[in-house]
Amino acid sequence: MLSSYGKPGVEGITEGGECADGAFVVMRISPGPLFISPQKWKQLSRLQRSLILFLLMLLLIFGLFSFPSITEQWRGFSDREGWLEVNDRGVRTIIPGGKSLSDQAAEKDPPPMVRPDVGSDTVEETRDQNIPMMPKPPIKKKGPSKRGPPNLQKNVGAALPDAAEGEKKELIENEGGEEDKEENIISWRGAMIEADQATEPPPSAVDKGPVAPVPVNPAPPEATGGSVDRLEVVRDTFRHAWKGYKDHAWGRDELKPISKSFGEWFGLGLTLIDSLDTMWILGLKEEFTEAKSWVEQELSFSKNTDVNLFETTIRVLGGLLSTYHLTGDQLFLDKAKDLGSRLMPAFNTPSKIPFSDVNIGKGTAHPPRWTTDSTLAEVTSIQLEFRELSRLTQEPQYQEVVNEVMKQVHNLGGKQDGLVPMFINTNSGQFTHKGVFTLGARADSYYEYLLKQWIQGGKTEDTLLEDYLQAIDGVKKHLVRQTGPNRLTFVGELSHNRFNPKMDHLVCFLPGTLALGAHNGLPGDHMDLAVKLMETCYQMYKQMETGLSPEIAHFNLQASDSQDIYVKPADRHNLLRPETVESLFYLYRFTKDTKYRDWGWEILQSFNKYTKVAGGGYTSINNVEDPTNPGPRDKMESFFLGETLKYLYLLFSDDAELLHLDKYVFNTEAHPLPIWPSSPK
């Protein structure tokens, strides 16, 4: 028997054992060499010597077999061949020129596609994705933390003429990133689409799991010397979005481009109908013809389903009416009349303030399950469409019910210098949640429709103009502020006389509305305010690392050297919204200042870079501050085709007669309706 002992030595640990015949075997363990004296070796039995030789032979054979794979692996590293592969789980090693071990296993037993939980550390691998081979990742270097859109980041590399190209790339890739964090994550400039299909906000940066990229077509080249046809780029963008919808969500409400599926809201083909007039304006005849056939053969409102009065009116009723005016096709007016009549039960309330929801099959209506209130925007932003339906059909009831709503809101107390609360009760007809004023969600389009109804009706309804002018004065008095660092003008919120420096992206409709009012003879300082607010809305895009605006921005009122705009984690998402490009369209039409076109072009390029999904469609994203992982929400809102791309096309068009703003007024979903001829006096 061999009883072992050990003690620390200068070079390692000396191990020894007493043999049966009293001799000792002495071996020096790492880092010292293996050592047995000749005298001791001779004293070992034949069995002991055979055992030691056998163990040494095994070690030698193992070393010989492992040596080629080790040298081959390091040779692949030194040649800088593709050595890492990014998949839905993150980074995995692969054999150069071959398949990864996980790929080989997947071929035998492919894993099921599982929707990951938000905040999980891993994302389940999905099939049918072409995963790109990635070059060896750059060494993480510390550099100045600089916020800004991708075009600003490119200038960093340009400023290093003596640096190697690889070093430029590494510096650029690390611009705007957090230092010494997640060292093992590859930074890849370009669109990165996560496999997470959740529509909820992402986990915090601390809990962020691996990123799974989906390769997309490259963003369109930047315009140089007029070499890029911007109108054609908009058409291509629409075609790509439409392809995803046609392939995976045809006739449904919304496309889910990541999962290549669809979402239903009301079951009315929202995206298709919202896009009809856009296709006509862009000259996409083939796509329009296909969509028209669906409307003719498949669209039916005789179904037992609840729809939201406001959303259905602005998207579906508005879309059908505008398409009728552009095409002259009676099909669209007939469908609009059918829908309008089915929405009328919403107005059967004690106060004549409509319920938010109506069952278009049963002819019944009700408020939301959690309240008896409707939001102010919902009940005061359906007027353009119902008024136009009455004019076309010569049936006055549609206009009468929506005019009654405006009359009641005009006479209500609880306003503050023309500013209105966000909620109104359908039973009492009174404002609720008084003292809270915003031009963002739940109130925004009330102010927009005051002006646009006045314009639609030939500027004859003085009460509408009075309410609008008073409201703008209230905005300037209570809500307009400037940031401390760079004096950016923005519109905040008021809650019981307490100012909150917070502005929704939705508020970026206001520059365009102010400019439209000034164009129609309202005070010149409205245009001055429009120009200042337009700059701020553009900065909400420019100062984000992706070049895309967050849903909500907060502004710094302190005079300091810090940034003007900051974003809270819950507000970092972008839904492909149109309000900023809408206002850019108005500002360019009225000023002809080409900077507004250039700003719109930058925004379009950012959409194509960070939200475009391979195979078709665009997705809203979770984080505009993270260009390496913007985080898809797997949803393409119908207004991306109905509004955002339409306004971009009109912004870039040189045809001043295309939907001339003295002849058409746009509803809040960008559907153009004709301005009524003035009644003879």
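I looked up the contacts of threonine 611 (heavy atoms within 4.5 Å). Neighbours within four places in sequence aside, threonine 611 touches Leu548, Leu576, Ser606, Gly617, Tyr618, Thr619 and Ile621. The model is predicted: local features need pLDDT of at least 70, side-chain atom pairs pLDDT 80 or more, while totals for chains, interfaces and linings use all residues. Numbering starts from 1 along each chain as its sequence is written, and side-chain values use heavy atoms, with hydrogens and water left out.

I placed threonine 611 in the loop between helix 19 (595-610) and helix 20 (638-652); helices here are DSSP runs of H or I, at least four residues, numbered from the N terminus. Threonine 611 counts as buried because its relative accessibility is 0%, the cut-off being under 20% relative accessible area with a 1.4 Å probe, protein chains only. I found its side chain 2.6 Å from the backbone oxygen of phenylalanine 607. Asparagine 574 is 37 residues away along the chain, with 9.4 Å between its C-alpha atom and that of threonine 611.

I then turned to a helix pair. The axes of helix 17 (residues 524-542) and helix 18 (residues 579-591) come within 10 Å and cross at roughly 140°; axes are lines fitted to C-alpha atoms over the stretch in contact, and angles run from 0 to 180 degrees between N-to-C directions. I noted that Met527, Val531, Met534, Cys537 and Tyr541 of helix 17 meet Thr580, Ser583, Leu584, Leu587 and Phe590 of helix 18.

Key
Helix = DSSP H or I, 4+ residues; strand = E, 2+ residues; numbered from the N terminus. Buried < 20%, exposed > 50% of the residue type's maximum accessible area, 1.4 Å probe, protein only. Polar contact = N/O pair within 3.5 Å; in protein donor to acceptor, adjacent residues only side chain to side chain.
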